[in-house]
Amino acid sequence: EKFFENCPNCKQEYQNDLYYDMTKAQLAFIEREFIEVDRWYLGALKRRILTLDGEKEADRIEGEEISAKMLSLIDEMKNSNVPLLSNVTLTGVYLDI
């Protein structure tokens, strides 16, 4: 996951437009390659939604789609026999939505 967050050379966090684009790329990659890994998927969704700008129409629409995906994924995780994320983590995700 850190490859999408930090420069592999200098180890600094990506910022501004680059971070915005990298969260989009990370989410697309996880949806394509690792969608079955719920925690990775949820983390990518959370990082992406936090970068969106609610003043922009396209970002608002994407945010609504991501919120629905997050809520659906959390419900699936709750109903499965897989160990759940901690309540603290789930509370943080709900607050981000």
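Author: E5 touches Q12, E13, Y14, Q26 and R47, leaving aside residues up to four places away in sequence; contact here means heavy atoms within 4.5 Å. With R47 there is a polar contact from side chain to side chain, at 3.2 Å. A polar contact is a pair of N or O atoms within 3.5 Å; within protein, one must be able to donate a hydrogen and the other to accept it, and residues adjacent in sequence count only if both atoms are side-chain atoms.

This is a predicted model, in which local features need pLDDT of at least 70 and side-chain atom pairs count only at pLDDT 80 or more, while totals for chains, interfaces and linings use all residues. Residues are numbered from 1 along each chain as its sequence is written, and side-chain values use heavy atoms, with hydrogens and water left out.

E5 lies in the segment before α1. Its relative accessibility is 14%, so E5 counts as buried (under 20% relative accessible area; exposed is over 50%, partly exposed in between, with a 1.4 Å probe and protein chains only). The C-alpha atoms of E5 and Q15 are 8.8 Å apart, with the two residues 10 apart along the chain.

Now the backbone. Most residues other than glycine have a negative phi. K11, not a glycine, has a positive phi near 70°. K11 also belongs to the segment before α1 (16-33), and is exposed at 58% relative accessible area. N16 is another non-glycine residue with a positive phi, about 55°. N16 is in helix α1, helices being DSSP runs of H or I with at least four residues, numbered from the N terminus. With 66% relative accessibility, N16 counts as exposed.

Conventions. Helix = DSSP H or I, 4+ residues; strand = E, 2+ residues; numbered from the N terminus.
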